[in-house]
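Could you walk me through how to read a few features of this structure? I would like to go from strands and sheets to a pocket.

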Amino acid sequence: MSTKASSSQPSGFGSSGALSHVYIQHPPLRSKIPGARNSFYDDGTKQLIVLTSDQVFSWKTTPFDPNVTPSSDLIGEGPVLSIRYSLDLKLLAVQRSPHEVHIQNRESGDTFSHKCRSESERILGFFWTDSPTCDIVFVKTSGLELFSCNFESRALQLVETKKLNVSWYVYTHESRLVLLASGMQCKSFTGYQISSVGIVRLPRFDMAMAKSDANNKPVLATEDIHIVTVYGRIYCLQLDRIAMQLHCYRFYRDAVIQQVSYYQHQDIRIFTQ
C-alpha cells in the first residue's frame, strides 16, 4: 500500500495551505503473492486481504510491520464477492454469490453456508459486529438481517430483521454505522448504528441533489458517499456531481443535520483509503 502526493498541487482548500486528517504510511506494505487475483481491506479487523484461486492471505495494518509474514487460510476455489474475518479472528465469512455466504472455522477448516430464503432478494454485503445481540449482519435488498453465529449447530440463528427496500449501502466499522440507500434516485437514507451498547436507528433523511434537467434525474452512487469519524463525531460526506458540491452531514442520536457545503471553486479533493 502506498500513496503518492504531488508537490505541484496546492494543499487543502483554496490557497490557505492547510491540510488535515491525512496520513501517509511509510514504508509501504508490499505483497508478492504468486497467483494473486484480488485484494480487499477488512476495516473490522484492520487487515489487508489478498486472494488467490483457493487461498486467502492477510496482513495486519495496525500495528504496522512491512516485513511481517501474512497469515493464510484455504477457502477452496470459487468466486469471492466479499470477505471478512470475525472480530475475534476465529471465523472467516466469504460471500460466494448474491445469494450465498460461507462461514469457515479457521482452526478446524469446517464450513457451512447460509443462503437467501427467497430467490427475489440479494445479499448486498455483510459485516461482523461487537453487538451483544448479534454477531453478523447481512444487508439485503429486502433490508437488514441480524444473526448470531452458532458454529456447533452449523447455522446462523436469525435474531432480528429490519424490513425496507435497499438499493445499496455504506458501512464503516469505526463508526459502527450502516447507511441504507433507497428510492428512485437513491437519495433517501435510513441509518442504524449497531455497536456494543445496542442498536440505534437514526431518523430517515434525504440528501440534497441538484437537478440536471427536467427529463434526467441524477442517481446517487455508493462512491459518492463517505462516512467519516472526526474526533469521535460521525459525519457523512456526499459528493453532488451535477452541482460539483460537497455536502457535510452531522449525525446525532435523534437528528441528521446538513452542516456545510463546499463548492467547485473551493478546490474539492476527496481521498479515500
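**Reading strands, a sheet and a pocket**

Q: Let's start with the pocket. What classes of residue make up the lining of the second largest pocket?
A: Keep in mind that this is a predicted model. The lining of that pocket has 6 nonpolar, 2 polar and 3 charged residues.

Q: Which residues line the second largest pocket?
A: Among them are Leu 177, Gln 193, Gly 232, Ile 234, Phe 251 and Tyr 252, along with Arg 233, Arg 250 and Arg 253. Two elements, β19 (233-240) and β20 (245-251), each give two or more residues to this lining. The space in the pocket comes to about 190 Å³.

Q: In what order do the strands of the open sheet of 4 strands run?
A: The order is β18-β19-β20-β21, and the pairing is antiparallel. β18 (225-230) and β21 (256-263) each have a single partner strand, so they are the edges, with one side of each lacking a neighbour in the sheet. From one strand to the next, the twist averages 25°.

Q: How many bridges join β20 and β21?
A: These two strands pair in the antiparallel sense over 7 bridges. To find your place along the pair, look for His 247, which stands opposite Ser 261 in β21.

Q: Is strand β9 mostly covered or uncovered?
A: Here is the general idea: in a regular strand, side chains alternate between the two faces of the sheet. As for β9 (residues 123-128), the strand is mostly covered, with 5 of its 6 residues buried. Its antiparallel pairing with β10 (residues 136-140) runs over 5 bridges, and Phe 126 stands opposite Phe 138 in β10.

Methods:
Residues numbered from 1 in each chain as written. Predicted model: local features only at pLDDT ≥ 70, side-chain atom pairs only at ≥ 80, totals over all residues. Heavy atoms only, no water. 1 Å grid on protein atoms, 1.4 Å probe; cavity = no way out; pocket = protein on both sides within 12 Å on 5 of 7 lines; lining within 4 Å. Points joined across faces, edges and corners; volume = space filled by probe spheres on them. Nonpolar A, V, L, I, M, F, W, Y, C, P; charged D, E, K, R; others polar. Buried < 20%, exposed > 50% of the residue type's maximum accessible area, 1.4 Å probe, protein only. Pairing = 2+ DSSP bridges. Axes fitted to C-alpha atoms, helices over the stretch in contact; angles between N-to-C directions.
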